[in-house]
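Hi,

Here is the structure I said I would pass on.

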Amino acid sequence: MKSLRTTLAFFLVIGIATTTFRSDLLIEYGITDLNWGWMASYLFPKALVLALTTLLIVALWFKLQPLGRYKFVGALVLFSLSIGGYLLVNTPYIEWIKKGTDMTSESASNPIEEYLNQSQPNFDGVICLALPGCPHCEVAIPKLALMQKRVPEIDVIVFVFTKDSSRVKSFQEDTGVDVLPFLAVPDPNNSIKLCEGKFPTFLYFKHGKVVHRWFNWQFGYPACDWVEWGLE
């Protein structure tokens, strides 16, 4: 019985280590293959590590018996090492954030609204304001491509802050995304007021107006779910 528990504990440790170092792949699996929500997929590996850690403590409980009344301390140390190790490797950043800025009270028009209302009057979805050479932009844009794949009725467009079409193309190649339209931003001197010089910035465009804005650190998994629901 003890050898069986030891074997089980070994495989549980392997499972915890694998989940810890392959967390991003598990999140992607939840989003793409299981079609879960963004936040549910993000929580998936965390819940898995928690479950495996609990099973590990149960499997090793007999080894903690010599500690006597301190066995609960030993269990707490195991729990802290497992969960702490996961968080050390997968440090939370913007994942929990949904907030942004409600732009519905903005009465003045802007070049992006004017451009979309003239060229794509039925546009309803997400605008990304990006800057060539911006590493955060290159990481964020594939997430938008995945979002449109999950919910094809969401329109997505990337406006790049440059007047040089070759730089737009080069930036698109850097992102590795070829399923979204990349365009030079209209009237960059005025459009930059929308993002306040922060890149990437995400805008939600609905009924001919920019209705919401997120800077990069505000566009977490709950925000992605909210966007897929049409901000409802």
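T201 is buried, with a relative accessible area of 0%; buried here means under 20%, exposed over 50% and partly exposed in between, using a 1.4 Å probe and protein chains only. Before I go on, the ground rules: this is a predicted model, where local features need pLDDT of at least 70, side-chain atom pairs count only at pLDDT 80 or more, and totals for chains, interfaces and linings use all residues. Residues are numbered from 1 along each chain as its sequence is written, and side-chain values use heavy atoms, with hydrogens and water left out.

Back to T201, which sits in strand β5 (residues 201-206). Helices (H or I, at least four residues) and strands (E, at least two) are DSSP runs numbered from the N terminus. A polar atom of the T201 side chain lies 2.7 Å from the backbone oxygen of K198. That is a polar contact, meaning a pair of N or O atoms within 3.5 Å; within protein, one must be able to donate a hydrogen and the other to accept it, and residues adjacent in sequence count only if both atoms are side-chain atoms. Leaving aside neighbours within four places in sequence, T201 is in contact (heavy atoms within 4.5 Å) with I127, C128, L129, L194, C195, R213, W214 and F215.

The peptide bond from F199 to P200 is cis, with omega near -10 degrees, and P200 is in the loop between α9 and β5. Most residues other than glycine have a negative phi, and most peptide bonds are trans. Two non-glycine residues with positive phi also turned up:

- D187 has a phi of about 45 degrees. D187 lies in the loop between β4 (182-184) and α9 and is partly exposed, at 37% relative accessible area.
- H207 has a phi near 55 degrees. H207 is in the loop between β5 and β6 and counts as exposed, at 73% relative accessibility.

The elements that give two or more residues to its lining are α6 (111-119), α9 (188-195) and β6 (209-215). Of the 13 lining residues, the closest to the pocket centre are E106, A108, S109, N110 and L194. By class, the lining has five nonpolar, three polar and five charged residues. The classes put Ala, Val, Leu, Ile, Met, Phe, Trp, Tyr, Cys and Pro as nonpolar, Asp, Glu, Lys and Arg as charged, and the others, Gly among them, as polar.

For the method: on a 1 Å grid over the protein atoms alone, a pocket is an open set of points with protein on both sides within 12 Å along at least five of seven lines, whereas a cavity is a set where a 1.4 Å probe fits but cannot get out; lining residues have an atom within 4 Å of a point.

N110 is in the loop between β1 (101-102) and α6 and is buried, with a relative accessible area of 10%. A polar atom of its side chain lies 2.9 Å from the backbone nitrogen of E113. Not counting residues up to four places away in sequence, N110 touches L194 and V210.

On cysteines: the structure holds zero disulfides, a disulfide being a pair of cysteine sulfur atoms within 2.5 Å. For C195, the nearest cysteine sulfur is that of C137, 9.4 Å away. C195 is buried at 0% relative accessibility, and C134 is buried too, at 9%.

Lastly, W38, in helix α3 (residues 38-59). W38 is buried at 2% relative accessibility, and a polar contact of 2.6 Å joins its side chain to that of E228. Setting aside neighbours within four places in sequence, the contacts of W38 are I31, K143, L146, M147, R150, Y221, C224, D225 and E228. W38 and L12 are 26 residues apart in sequence and 26 Å apart in space, C-alpha to C-alpha.

Cheers
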